Amino acid sequence: MGEASVKTLETRTDLSSPQVTEVEARPGGQRTLVSRLRAPRRPRIWFEVLLIAVSYWTYSLIRNAVPEQKTVALANADWLWGVERSLGIAVEQSVNHAIDSVTWLIVGMNYYYATLHFVVTIGVLVWIYRFHPGRYAATRLVLFATTGVALVGYYLYPLAPPRLMNGQQFIDTVLKHHTWGSMASGNLKQMSNQYAAMPSMHIGWSLWCGLTIFAVASAPWARILGLLYPTATLVVIVATANHFWLDAVGGMLCLAFGYTVSRAWFGSLPHRLPRHPEPAGPHPATELLNRFRR
């Protein structure tokens with residue numbers, strides 16, 4: 001009786017405690033450089049702030065360095081407007097005039113367009129960094145890849161926004177209501193490329209924010225707000241005559257590219273990664289720096 005009990009206990013112990021080699025126990029043991037680079041790690045605040053600042057500066061520099069090509073951009077706008085009319089979706093001018101007639105609403109949309117694009121995007125990045133560090137790198141990569149491919153669109157397809165079209169009577173709501181903040185109208189227009197409307201990064205970034213919140217947040221109200229944010233942004237970019245509907249489609253395609261890049265690198269969509277990263281040993285870049293210091 002006692003002997004049988006001992007055998008049973010020994011068997012259970014063997015099954016529940018498999019042998020672990022030293023290499024398997026050591027974080028990052030015998031893994032390739034690529035697999036170590038792909039491993040989600042806890043982000044470092046100083047590096048992220050520096051990376052985002054440099055990346056946005058580079059993005060703005062490249063975007064604004066693209067030749068404006070006014071003639072080509074206006075011709076492309078006329079062609080795109082014609083395509084939308086043939087598809088029966090050319091209602092931007094009606095939306096622009098209808099909402100402009102409600103002063104408090106259009107003024108609010110002008111400030112929405114000028115501020116939330118940055119405030120909400122940074123807020124979502126900070127939220128993921130703080131509460132979902134294991135998903136941060138993959139989520140950030142989506143945003144960076146989306147923005148990077150948008151630069152290609154600005155270079156290959158210069159496009160005038162509706163408010164700059166000739167003979168179409170769109171209202172530049174920033175100029176009319178003297179609101180501040182738009183880099184594409186008023187006193188700040190010389191600081192930004194006027195003819196980089198395709199794709200719309202207001203849609204690309206806001207949809208990134210919305211999908212990230214919807215996929216990761218647990219509170220139903222937060223998930224609903226996540227979906228409402230890009231929807232409201234779509235109305236705003238059209239009402240202020242800054243974009244066509246099809247510019248928004250371009251932004252969505254860029255975001256799809258961003259998710260594809262992130263999934264290919266990390267092997268999973270961001271929200272399916274662990275909330276907290278597992279210990280993965282020192283980053284290969286850190287190891288390389290340490291070697292040079294020796």
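At what angle do helix α7 (residues 103-131) and helix α10 (residues 201-216) pack, and how far apart are their axes? The legends below begin with the whole chain and then turn to this pair.

**Figure 1. Overview of the predicted chain.** The model is predicted: local features need pLDDT of at least 70, side-chain atom pairs count only at pLDDT 80 or more, and totals for chains, interfaces and linings use all residues. Residues are numbered from 1 along each chain as its sequence is written, and side-chain values use heavy atoms, with hydrogens and water left out. The chain holds 13 helices and zero strands; helices (H or I, at least four residues) and strands (E, at least two) are DSSP runs, numbered from the N terminus. Of the 294 residues, 41% are buried, where buried means under 20% relative accessible area, exposed over 50%, and partly exposed in between (1.4 Å probe, protein chains only). Among contacts (heavy atoms within 4.5 Å) with a separation of 6 or more, 83% join residues 24 or more positions apart. The chain exposes about 16700 Å², and carbon and sulfur atoms supply 65% of that area; accessible areas come from the Shrake-Rupley method with a 1.4 Å probe, and for residues only the protein chains shown count as cover.

**Figure 2. Packing of α7 against α10.** Two packed helices are described by the angle between their axes and the distance between the axes. Helices α7 and α10 pack at an angle of about 35°, with axes 10 Å apart. Axes are lines fitted to C-alpha atoms, for helices over the stretch in contact, and angles run from 0 to 180 degrees between N-to-C directions. The α7 and α10 crossing is left-handed, meaning that the near helix is turned anticlockwise from the far one by less than a right angle (clockwise would be right-handed). From α7, residues including Y113, H117, F118 and W127 take part, and they meet a set in α10 that includes H202, W205, W208 and C209. The residues of this contact divide into 13 nonpolar, four polar and no charged. Here Ala, Val, Leu, Ile, Met, Phe, Trp, Tyr, Cys and Pro count as nonpolar, Asp, Glu, Lys and Arg as charged, and the others, Gly among them, as polar.

**Figure 3. Two cysteines.** C209, one of the α10 residues in the contact with α7, is buried at a relative accessible area of 0%. C254 is also buried, at 8%. The count of disulfides is zero, a disulfide being a pair of cysteine sulfur atoms within 2.5 Å.

Figure 4. T240 is buried at 1% relative accessibility, and A241 is buried at 0%. Phi of A241 is near 65°, a positive value in a residue other than glycine. Leaving aside neighbours within four places in sequence, T240 is in contact with N96, I106, M109, N110, Y113, R163, I171 and T173. The C-alpha atoms of T240 and R163 are 8.1 Å apart, although the residues are 77 positions apart in sequence.

Figure 5. Q169 sits in the loop between α8 (133-156) and α9. Its phi is near 60°, positive in a residue other than glycine, and Q169 is exposed, with a relative accessible area of 64%. P199 is found in the loop between α9 (173-177) and α10. The peptide bond from M198 to P199 is cis, with omega near 0°.
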